[in-house]
Amino acid sequence: MRAWGEREEPAAGGTAGHPAPASRRVVLKSAAVTAGLAAAGIATTGPARAADDRPGRPESVTARMGGTSITLSLVDGALRWSARRDARTVIGTSALGLRLGDGTVLGRDVRVIRERYGTHRTTWTPVYGRNATVTDHYREQRWDLEDRASGIRFGVQARAYKTGVALRYLLLDKGTATVADELTTFVFPDGTTVYSARDENAYEPVAPGSIPVTGTAGTDNGPLTDLPLTATLSGGLIACVCESSRVDYPRLMLGSVAGEPHTLSAFLMEHTARGTGPVETTTTVTTPCVTPWRAVVIGATHAELVDNAELVLNLAPPNALADTSWIKPGKVFRCELTTAAGLQGVDFAVARGIEYIEYDAGWYGPEFTTTDATRPIAAIDMPSVISYATGKGIGVFLYVNRLALTDADSLFALYKSWGVRGIKLGFINDGTQTMTNQIIDWARTAAKYRLLIDMHDDVRPFGYERTYPNWISLEGVRGNEQFPTATHNVTLPFARNIGGPMDYTICYGQSRDKTTNAHQMAMAAVYYQPLNFLFWYDKPSKYNNPANWPGLPWFNAVPVTWDESRTLAGSIGEYVAVARRNGSTWYLGAMTNETSRTLSLPLSFLGGGTYTATVYADGIPGANPYQTPVVVGTRTVTRDDTLDVAMAPAGGQAVVLKPS
């Protein structure tokens, strides 16, 4: 459902409410722009009537949805924006604009030439996700603008959802444009704390003006943070700045602004994330075009923020694949680099309800010195392993370092001919316009050969798992294989995971864990990760005696894609509890930081009747968190009950709720 309206400034000779007939030149130019924007998915329909553009008059338009609003305004001719939730400021009056390659600044002195406004509501069905259906419901305001000095025409499109706000720029004149900088700022209220992290660093809670200086001479350097960027505001509000629909454009970072302690400013990356590849100080695009969405996911509570993450998907282009029947989310087991380990991995996968095995770095030789990923090392009889896996209904993933991706089309075609089901790409350090386009092309090429793709290292989400759902996961996070703290683990649901899937390699039963085993188990429900690597660093032989590993039945059963998700409780960096439904069964995961705690969780999300709750809980804390045993119990519950979830320091709890 769409309902759109339009107002435009009268042409010369017209009066307010009665615009004069447009010249043939204006009509033809408008038609060309309309066609270009339609190709980009921008609505341009609606009746026209005069806009109020009296000189010197501050202007503003606001889009509202539920208790959320986003406002565009002109202040002395300069373009500004702000956002609110339930009458409380989320983003104060902040700058908008673009700096072009020739130094022209768009947004400093402009006039509105046309206003568009409207409402949109649809529902769509993802191939996989947090929920079986997604509602896309927003109010939109769009200004078409003219830069008074240069005459260049551009626009700003703003949307309000119940779950947050978003905006992006439009370059309207036909031809090309070179963008040097994006001038978007985010002015946060007093008392805001932001959670800053770059590359695979841990999150640091700091004031907006105190982002740590990072980078080297060969990378983007300064007080910069990657997205998603989460901010906690006064009164319990929480917001997460994300990016969506990034195409033909560099990746966005945010940076502190000298002398403005509450402000973060957009920074378009000029280097790849780790400084490999050419430097691109400007971005040239074909116009008319749109920039990526700058989204602010908003929660009235920390728990609500997690449930609002689908805003990022709603801003991305729809599924581009005609047939998605071959796309199967699943759990993955990484095998050692021998034929025997692959065959044993297949048997382990069958026994443990795992859909895929994977050969990681080294299966074709040392990844940084071997660029031929077409021949396995002598220790692996790849045809035998793939044939055995296929016969058992298990798929095979292969790791490939980007250095071996000189001809992705030929390589992916070869893997398809082998019977491979998916590819895990390593050291995909995006950042520049060129790397954005390369990443999308890899996802598109993989889809051509019906291959799933998981991109690793410093890749950040931008909603394209909706557009190319074979792009099933990505890393872009300080991973669990680095054995981070429990505090880090309970920060991620409110930060990195808001932006999209997160490959996090669950490390159950590892002596290097800084958490309990129940904490590791709970990750499978708490985190959204449709390609879930389990038992990282392990061999099948470790679990020859299942009695020693009471958590195995949980991992056997827990799915990776969901019909319904509910975040029951949470506070960033402290604790989280999430319940997700697959079919009629619910899977509940809860995790705490280094502080023990008990959460009282109402079970009102359950259906009618009774449920059997199988509870995997922390036992008596050991000398180290990983030595805390898992204790299994059952009880009967209904939707009228409250579940008291007790967790040891760095602990957790995993619960299966199955209809009796």
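Mentor: The model is predicted, with local features needing pLDDT of at least 70 and side-chain atom pairs counting only at pLDDT 80 or more, while totals for chains, interfaces and linings use all residues. Residues are numbered from 1 along each chain as its sequence is written, and side-chain values use heavy atoms, with hydrogens and water left out.

Trainee: Why is helix 4 called roughly parallel to helix 5?

Mentor: The axes of helix 4 (residues 339–351) and helix 5 (residues 382–391) cross at roughly 10 degrees and come within 9 Å. Axes are lines fitted to C-alpha atoms, for helices over the stretch in contact, and angles run from 0 to 180 degrees between N-to-C directions. Angles under 35 degrees count as roughly parallel, over 145 as roughly antiparallel, 65 to 115 as roughly perpendicular and the rest as oblique. Helix 4 is therefore roughly parallel to helix 5. Helices here are DSSP runs (H or I, at least four residues), as are strands (E, at least two), numbered from the N terminus.

Trainee: Which residues of helix 4 and helix 5 meet?

Mentor: Contact means heavy atoms within 4.5 Å. Thr339, Gly342, Leu343, Val346 and Asp347 in helix 4 meet Ser384, Val385, Tyr388 and Ala389 in helix 5. By class, this contact has 5 nonpolar, 3 polar and 1 charged residues; Ala, Val, Leu, Ile, Met, Phe, Trp, Tyr, Cys and Pro count as nonpolar, Asp, Glu, Lys and Arg as charged, and the others, Gly among them, as polar.

Trainee: What is the angle at which the axes of helix 6 and helix 7 cross?

Mentor: The axes of helix 6 (residues 408–418) and helix 7 (residues 433–448) cross at roughly 35 degrees and come within 9 Å. Ala408, Asp409 and Phe412 in helix 6 meet Trp442, Thr445, Ala446 and Lys448 in helix 7. The residues of this contact divide into 4 nonpolar, 1 polar and 2 charged.

Trainee: Which peptide bond to Pro228 is cis, and what is its omega?

Mentor: The bond from Leu227 to Pro228 is cis, with omega near -5 degrees. Pro228 is in the loop between strand 15 (224–225) and strand 16 (229–232). The bond from Thr287 to Pro288 is also cis, with omega near 5 degrees, and Pro288 lies in strand 20 (residues 283–290).
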